[in-house]
Amino acid sequence: MLVAVALSALAMTAIVALRYLATSGFFAWLTGRVRPGYHAPLKPQIGREIRWSLASAAIYGIPAGIAAWGWREHGLTQIYSGWTDYPLWYLPLSVLLYLFAHDTWFYWTHRLMHRPRIFRVAHAVHHASRPPTAWAAMSFHPIEALSGAVVIPALVFLVPIHVAMLGCVLLVMTVMGVTNHMGWEIFPGRLVHSRAGNWLITASHHQLHHERYACNYGLYFRFWDRLCKTDRGLSAAFRR
């Protein structure tokens, strides 16, 4: 059993690492096309971001591998594959439930990471990216990586989700994690400044967190920032 779990964790580590390299690599390439020269003075920083991110991939891979093993070998999770196992309306709802639960966990652990002592020990690694780049999405100290690695694996044991919808959750998590750190806004202004955009987090919103630190803590939605009065709007540089 231990060998099977270890192999599953190793496989998931490789998948997470390759997903990071492919996604961040693509958006870094896109940044070079849209913002020529943006990365030129940041090569030492990008090297650090990649090294921390690959270490984070191993930490993310372990609980993900355990969950994958539990699903494949013993059916221990709430992941299902039949389209009619639950009502069809539950498919999009499950995605929203996962994203909201993940966003809630991220908001409060992120605020905890900004307590002075924890910040110095762990979260300072992420904020060493000045400015952030597409490679910074997983650039975490192991303590912070562990706090983020357990969320989705824990949810699959608690909340039913179709395997395809779980793929959607992972896609949103990956793309938003990278695009929020690109240093420029990839989404059109008509979305960012729309009614829906006022509740969604994009690079325009997250950039201000990297500028001011004590605000804009959310991951996907601005709900908790608004409720807790930590939302400071969008980066002035991005508004220009």
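1. Basis. The model is predicted: local features need pLDDT of at least 70 and side-chain atom pairs count only at pLDDT 80 or more, while totals for chains, interfaces and linings use all residues. Residues are numbered from 1 along each chain as its sequence is written, and side-chain values use heavy atoms, with hydrogens and water left out.

2. Fold. The protein chain has eleven helices and two strands; helices (H or I, at least four residues) and strands (E, at least two) are DSSP runs numbered from the N terminus. Along the sequence the order is α-α-β-α-α-α-α-β-α-α-α-α-α. The radius of gyration of the protein chain is 18 Å, close to the 18 Å from the globule rule for 240 residues, so the chain is as compact as a globular protein of that length. That radius is taken over C-alpha atoms, and the rule is 2.2 Å times the number of residues to the power 0.38.

3. Burial. Of the 240 residues in the protein chain, 51% are buried. Buried means under 20% relative accessible area, exposed over 50%, and partly exposed in between (1.4 Å probe, protein chains only).

4. Helix α6. In helix α6 (residues 151-158), the buried residues are Val151, Ile152, Pro153, Leu155 and Val156. They pack against α2 (43-74), β1 (79-80), α3, α5 (142-149) and α7 (163-179), where contact means heavy atoms within 4.5 Å.

5. Histidine 181. This residue sits in the loop between α7 and α8 (189-192). Histidine 181 is buried, at 7% relative accessible area. Neighbours within four places in sequence aside, its contacts include His126, His206 and His210.

6. Aromatic pairs. There are 15 aromatic pairs. Rings of Phe, Tyr and Trp (its six-membered ring) pair if their centres lie within 6.5 Å; planes under 30 degrees apart count as stacked, over 60 as edge-to-face and the rest as tilted. Phenylalanine 26 and phenylalanine 27 form an edge-to-face pair, 5.1 Å centre to centre with 75° between the planes. Tyrosine 107 and tryptophan 224 are stacked, at 6.4 Å and 25°. This second pair links tyrosine 107 in helix α3 to tryptophan 224 in helix α10 (residues 223-227), 117 residues apart. Both tyrosine 107 and tryptophan 224 are buried.

7. Surface patch. Trp89, Leu93, Leu96 and Leu97 form a nonpolar surface patch with about 420 Å² of accessible area together. Leucine 96 belongs to helix α3 (residues 90-113). Patches are made of residues with over 30% relative accessible area and no salt bridge; like charges are joined within 9 Å, nonpolar side chains (Val, Leu, Ile, Met, Phe, Trp, Tyr) within 5 Å. A salt bridge is a side-chain nitrogen of Lys or Arg within 4 Å of a carboxyl oxygen of Asp or Glu. Areas come from the Shrake-Rupley method with a 1.4 Å probe; for residues, only the protein chains shown count as cover.
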